[in-house]
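User: I would like to go through the labels used for this model and see what each one rests on.

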Amino acid sequence: MAFNDKILEAKANKFRRELGLGTETSLDLEKLLLNLGVLTVYKPLESEFSGMALKTNENLFMLINSALPVGRQNFTIGHELYHLFIQNDFNFQMCNAGKFDKKDKEEYNADVFSSYFLMPDAALIKQIPEKELGWGETLSLATIIKMEQYFGVSRAALLVRLSKSKYIHYDDYKPYLKGVIKSAVEHGYSSDLYVRNDENKVIGDYGTKVKALYDVDKISESHYHSLMLDIGLDIDDPKFNDDGKEN
């Protein structure tokens, strides 16, 4: 189904309110995914697609490509949340988030939703200095960098979002898309947001479910170990054999 941007903004703000998040702050995405019960797996994948969402009965699953820059990973999470919680009759989708491709209606919807969900207007305006909000004023590069760090998104995603709310004319800010990492470091920020982290990480109760199957003899010990290794955990690693004392 095709929605206009205002409807998607309203849906994003409503979803935030339903989750008790308000619309004036950035999000802790890992805690949000845990709270929503979305089993989320981060894996470095050498492919174009940024993520995947799967919904079967009451089970919700998300795969995030951690070979992509962290800002793109975060935007992909917002994109996949649209598929899992907003889109009607959703089952499965492999995604290339952040393209804003109108040829695929639901993928475009998911991108626009993610943009508004991660960066609500009320939160945007709080991050812009008053002197830069005046008629005919421009947003400084320092403000742009501070905002992308605050919201945890790429510079491109931030500029698209700012242009949607008429804070900027996107074309005027295209020069800021060059030398992104260098400019952030020069302003004293870490480069972590702009580079891949290749994480193997799981958010959710995957381990709990696997352990429960092992405890009732539904799977063998070797299968249990294998399934845990799939998420990067070697439960035989000596470092996990503590003596009950706190370090």
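Analyst: Two strands pair if DSSP finds at least two bridges between them. Helices (H or I, at least four residues) and strands (E, at least two) are DSSP runs, numbered from the N terminus. This is a predicted model, in which local features need pLDDT of at least 70, side-chain atom pairs count only at pLDDT 80 or more, and totals for chains, interfaces and linings use all residues. Residues are numbered from 1 along each chain as its sequence is written, and side-chain values use heavy atoms, with hydrogens and water left out.

User: How do you know that strand β2 pairs with strand β3?

Analyst: Six bridges join β2 (residues 51-56) to β3 (residues 59-65), and the two run antiparallel. The cut-off is at least two bridges. Within this pairing, A53 has M62 of β3 as its bridge partner.

User: What makes β4 and β5 edge strands?

Analyst: The open sheet has five strands in the order β4-β2-β3-β1-β5, with mixed pairing. β4 (92-95) and β5 (201-203) each have a single partner strand, so one side of each has no neighbour in the sheet.

User: Why is the pair F15 and F113 called tilted?

Analyst: Rings of Phe, Tyr and Trp (its six-membered ring) pair if their centres lie within 6.5 Å; planes under 30 degrees apart count as stacked, over 60 as edge-to-face and the rest as tilted. The structure holds nine aromatic pairs. For F15 and F113 the centres are 6.2 Å apart and the planes are at 45°, so the pair is tilted. F15 belongs to helix α1 (residues 5-18) and F113 to helix α4 (residues 105-118), 98 residues apart.

User: Why is F113 called buried?

Analyst: Buried means under 20% relative accessible area, exposed over 50%, partly exposed in between (1.4 Å probe, protein chains only). F113 has a relative accessible area of 0%, so F113 is buried. F15, at 6%, is buried too.

User: What makes F113 and F117 a stacked pair?

Analyst: Their ring centres are 5.5 Å apart and their planes are at 10°, so the pair is stacked. F113 and F117 are four residues apart in helix α4, about one helical turn.

User: How do you know that R16 lies over the face of F117?

Analyst: A charge sits over a ring if NZ of Lys or CZ of Arg is within 6 Å of the ring centre and within 35 degrees of the ring normal. R16 is at 5.7 Å from the ring centre of F117 and lies over its face. The charged end of K11 sits over the ring of F3, 5.0 Å from its centre.
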